[in-house]
Amino acid sequence: MRIISFDQASIIAGWSLFDENGYVDSGVIKKDKNIPIDQRVPQMAEAICAKIKEFKADVVCIEGIQTQSNQRTVIDLARLQGGIMMYCEVKHIPIHILAPSAWRKVLDFHQGTKVKREELKEQSINYVREHLGFDNFSIDRCEAVCIGIAANKLYNTK
């Protein structure tokens, strides 16, 4: 079974791939921030769906949308998430949406109202360093790996 996970966003989306033996690979998909958002979101959705197809994923896991200070950002992230969900629906690929607090809980991250966003990101970097030995991954890549590890634990895959 091949599971691909994403920490999706409109400019940089992290991805990670796992199979029955565990971690396989990870990386990021980048889009030019100067492209208008109404064009960039569909381009990112298309690139993410191409990655799902490229790796012949059996299961897809994406991060749920968090409350944002900017309502437009929530709408854009919802559009991106919807594009990924629709692709998976049409291709009959199961998709799981993990709330950030849910995947962090599975990995025993320290979280709560007093924990700042930067501390949560640092925990992702440290988790990847400690469990996989990689210390040069970007935050987007680390969070995609952490989402994938949590998904594997939650859904009883390797």
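**Note on the predicted model**

1. Ser 10 sits in the loop that links strand 1 (3–7) to strand 2; helices (H or I, at least four residues) and strands (E, at least two) are DSSP runs here, numbered from the N terminus. Bear in mind that this is a predicted model, with pLDDT of at least 70 needed for local features and 80 or more for side-chain atom pairs to count, while totals for chains, interfaces and linings use all residues. Residue numbers start from 1 along each chain as its sequence is written, and side-chain values rest on heavy atoms, with hydrogens and water left out.

2. Is Ser 10 buried or exposed? Its relative accessibility is 15%, so Ser 10 counts as buried; the label means under 20% relative accessible area, with exposed being over 50% and partly exposed in between (1.4 Å probe, protein chains only). Leaving aside residues up to four places away in sequence, Ser 10 touches Lys 31, Ile 37, Arg 40, Val 41, Met 44 and Leu 80, where a contact is heavy atoms within 4.5 Å. Asp 32 is 22 residues from Ser 10 along the chain, and their C-alpha atoms are separated by 9.1 Å.

3. Next, Ala 13, which belongs to strand 2 (residues 12–19). Its relative accessible area is 0%, so Ala 13 is buried. What does Ala 13 touch, not counting residues up to four places away in sequence? The list is Asp 7, Gln 8, Gly 27, Val 28, Ile 29, Met 44 and Ile 48. Met 44 is also one of the residues that Ser 10 touches. From Ala 13 to Lys 30, C-alpha to C-alpha, it is 6.6 Å in space and 17 residues in sequence.

4. Asp 19 is in strand 2 as well. This aspartate counts as buried because its relative accessibility is 16%. Phe 134 lies 115 residues from Asp 19 in sequence, and the two C-alpha atoms are 19 Å apart in space.

5. Zooming out: how many helices and strands does the protein chain have? There are five helices and five strands, and reading from the N terminus they run β-β-β-α-β-α-β-α-α-α. The C-alpha trace spans about 40 × 35 × 25 Å along its principal axes. A compact globule of 158 residues would have a radius of gyration near 15 Å, and the chain's 15 Å agrees with that; the radius is taken over C-alpha atoms, and the globule rule is 2.2 Å times the number of residues to the power 0.38.

6. Among contacts with a separation of 6 or more, residues 24 or more positions apart account for 59%. The chain exposes about 8,700 Å², of which carbon and sulfur atoms supply 50%; these accessible areas come from the Shrake-Rupley method with a 1.4 Å probe, and for residues only the protein chains shown count as cover.

7. On charge, the mean positions of the 21 positive and 20 negative charges are 2 Å apart. Lys and Arg count as positive, Asp and Glu as negative, and His and the chain ends are not counted; each charge is placed at NZ of Lys, CZ of Arg, CG of Asp or CD of Glu.

8. Now the cysteines. A disulfide is a covalent bond between the sulfur atoms of two cysteines. The cut-off used here is a pair of cysteine sulfur atoms within 2.5 Å, and by this rule the count is zero.

9. Lys 56 has a positive phi of about 50 degrees although it is not a glycine, and it is found in the loop between helix 1 (37–54) and strand 4 (59–63). Asp 108, also not a glycine, has a positive phi of about 60 degrees and lies in the loop between helix 3 (100–106) and helix 4 (117–132). Lys 56 counts as exposed at 64% relative accessibility, and so does Asp 108 at 71%.

10. Finally, Gly 83, in helix 2 (residues 71–91). With 26% relative accessibility, Gly 83 counts as partly exposed. Its C-alpha atom is separated by 5.8 Å from that of Ala 45, which is 38 residues away along the chain.
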